[in-house]
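Here are a few exercises to work through with the model open beside you. Try each task before you read its solution.

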2 protein chains.
Amino acid sequence: MYAARRARLRDRCSAAGDAAALVSRPANVRYLAGGTPPGAVLLLGPGPDGDMLYCPRPPADDDAGGRRIDEHLRLTVLSHTTGDPAIAAAGTFGSSAAGTLAVEEHHLTVARHRAIGSVAPRLRLTDLGGAVEQQRIVKDEEEIACLRIAAEIADQALGELLESILVGRTERHLALELERRLVDHGADGPAFPTAVATGPNSGRCGHHPSDRRVEEGDFLSVSLGADYRGYRCLIGRTFVIGTSPADWQIELYELVFAAQRAGREALVPSAGYREVDHATRHPLEAAGHGEGLAPRTGHGVGLEIDEDPQLAPAAMGKLDACVPVTVGPGVHLPGRGGVRIDDTLVVRPEADGGPELLTITTKELLAL
Amino acid sequence: MYAARRARLRDRCSAAGDAAALVSRPANVRYLAGGTPPGAVLLLGPGPDGDMLYCPRPPADDDAGGRRIDEHLRLTVLSHTTGDPAIAAAGTFGSSAAGTLAVEEHHLTVARHRAIGSVAPRLRLTDLGGAVEQQRIVKDEEEIACLRIAAEIADQALGELLESILVGRTERHLALELERRLVDHGADGPAFPTAVATGPNSGRCGHHPSDRRVEEGDFLSVSLGADYRGYRCLIGRTFVIGTSPADWQIELYELVFAAQRAGREALVPSAGYREVDHATRHPLEAAGHGEGLAPRTGHGVGLEIDEDPQLAPAAMGKLDACVPVTVGPGVHLPGRGGVRIDDTLVVRPEADGGPELLTITTKELLAL
């Protein structure tokens, strides 16, 4: 599997005239090599025999949730004193080869890039660009299986929280408890910092949990995800605390729910990224909430919690089958609070039943 | 305070012939500007009136643990569509000024650096290098006060753990419980992912907590820290589970303890970084444990949990008063386990009583 991924990238490099590539962005290295230690870089040689993983320390059982390094890869473990694996890799390759080496200019710093150039003066450095990120967009079934388990874990953690007493507890504590439950159910960790937002904070995108306590009548919005064997999902839900939601709460919830459903229904192969965004965004704009909306209404997930594609008004490109994305509109009314509803789904052809919903927690407006 | 820090950096830039500087590394931006939103960059103009903070979104109350942005700074909040604040800052500055702009080449990627060059073709980009990191090494008393509170919080969280039942619980659960307790006691969050290592894992540097359960006779090593208003400390301790430690455990513990004490005692103003490292490292090497030792035995802490200085064999430089550092040797015997003991201390002149120990949890070998 890893070898096949590397072969695809190698084809792309040869087509671009690059003799070799140095992959340094962590998620890209793991995609091509398996459960590598932090800081490892992959040198993709001109032929499969030249592929070499440079690690800053020996691999350990607990790297990347227990995922193994591809056994077909040759490994160089650097000693503490050798320093930067990217520079070591370029130095070794540059001493035995000439031509071009494609590097990830969107990941390497100027200082590292310069150091690579100076240890390998015979190499011409070119830009690999987002080639690996592009390749990562469409997932194979093994990747989707990991995402499915990650989503199941998040659903379980959230489900348990809903059964507990919430009034009087702080955002921070609820967030920590959710993270503990994720791990209880088998996550390698949270996929991203869990967001719990109450009352006037609810519906804010990426809210950092505070010491505010849950009160009767609050909206409570929660956004969490599990990391399972390196794959990360996302679920966002909004609830009401107390017995009956106020009219404005019902109205706002129904609006966001309708927008989110429209976005989910737009997830078909060959739909444009911007079309899906428009489907989600339009109902909110039509209701007068256009101003405060987030720049995008969804994005890809996988080895990173936020990866391509971007579902945004100016995004170029079209969905393929087997692309997992989030659909998560939100509206926040300053001073009052708001609603976010976010799912992770996999794009599937209509013949296969349409988009596969991974995060299945109910989207009814529950009063807790 | 922030203005004074910026004035020092400005002096350094003028001396190097740079008209202005663009600070992008997050901890450096916060050091010079206060509690900025993630992704903010600081443009340090030729005079104090030119200082401008470019934020990707409006500042929020919960940015950087509630720390405020310096009120003397002019703020530009970018709309969602404007994109990268660094490019926006360079574009604005470059359209009204010429000369040189110093940038952080160790932080900017090649792609961002190129984009900055192309929006500001009249500017010559130079390297600011680690100027801000160097300036951050010596802390003022307000910074040390934050570190002191962070250490107190970590001591409290650890102390409570010691009073609970440990046998049968997993490394993961203990780590999560410690993180919850940190927040309970007022931390904005953990300073870094809490490490709990038991039995054969104990003493491993940066161990990722696993599902292994605590057993009678285990060494249990714990490394944690609190983030308090952006400042991060570190404490590491090793305990024995059960009533009486084995002879090899007592022997190994005493060795690491002696090494750690030697390191602490070497913390005097004007001691070389490598001398402190040597004081800690030598007893372990002399006992035959040289091979597996970590590349450094301590490092600075502050707005980042791992910052300059580095206490390592090849480190250049000398300690000053008011520099907080960790002293944390460890020995890990493969298959058996090991010991780590780590403190955060502030270098103080002998006249002031010598190094100030921030993490005061006992370093006796407790049997839990």
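**Exercise 1: a hairpin in chain A**

Strand β13 (residues 298-300) of chain A and strand β14 (residues 307-311) of chain A run antiparallel, joined by 3 bridges. Before going on, note that this is a predicted model, where local features need pLDDT of at least 70, side-chain atom pairs count only at pLDDT 80 or more, and totals for chains, interfaces and linings use all residues. Residues are numbered from 1 along each chain as its sequence is written, chains are lettered from A and ligands numbered from 1 in the order in which they are written, and side-chain values use heavy atoms, with hydrogens and water left out.

Task: find the bridge partner of G298(A) in β14(A), and say how many residues sit between β13(A) and β14(A).

Solution. Start with the terms: strands (E, at least two residues) and helices (H or I, at least four) are DSSP runs numbered from the N terminus, and two strands pair if DSSP finds at least two bridges between them. Next, go to G298(A): its partner in β14(A) is L311(A).

**Exercise 2: a sheet and its helix in chain B**

Task: work out the order of the 3 strands in the open sheet of chain B, then find which helix lies across β10 and β11 of chain B.

Solution. The order is β7-β10-β11, with antiparallel pairing. At the edges you'll find β7 (189-190) and β11 (231-232) of chain B, each pairing on one side only. Now look at β7(B) and β10 (residues 226-228) of chain B: 2 bridges join them, and P190(B) has A226(B) as its bridge partner. Last, helix α6 (residues 141-162) of chain B lies across β10 and β11, at about 140° to β10(B). That angle is taken between N-to-C directions, from 0 to 180 degrees, with axes fitted to C-alpha atoms, for helices over the stretch in contact (heavy atoms within 4.5 Å).

**Exercise 3: two copies**

Task: what rotation superposes chain B on chain A?

Solution. Superpose by least squares on C-alpha atoms of residues with pLDDT of at least 70 in both copies. You get a rotation of 180° with 0.0 Å of shift along its axis (RMSD 0.0 Å). The two copies are therefore related as by a two-fold rotation axis. In chain B, the C-alpha nearest that axis belongs to T109(B), at 1.9 Å. Both copies use the same surface, as 100% of the contact residues of chain B recur in chain A.
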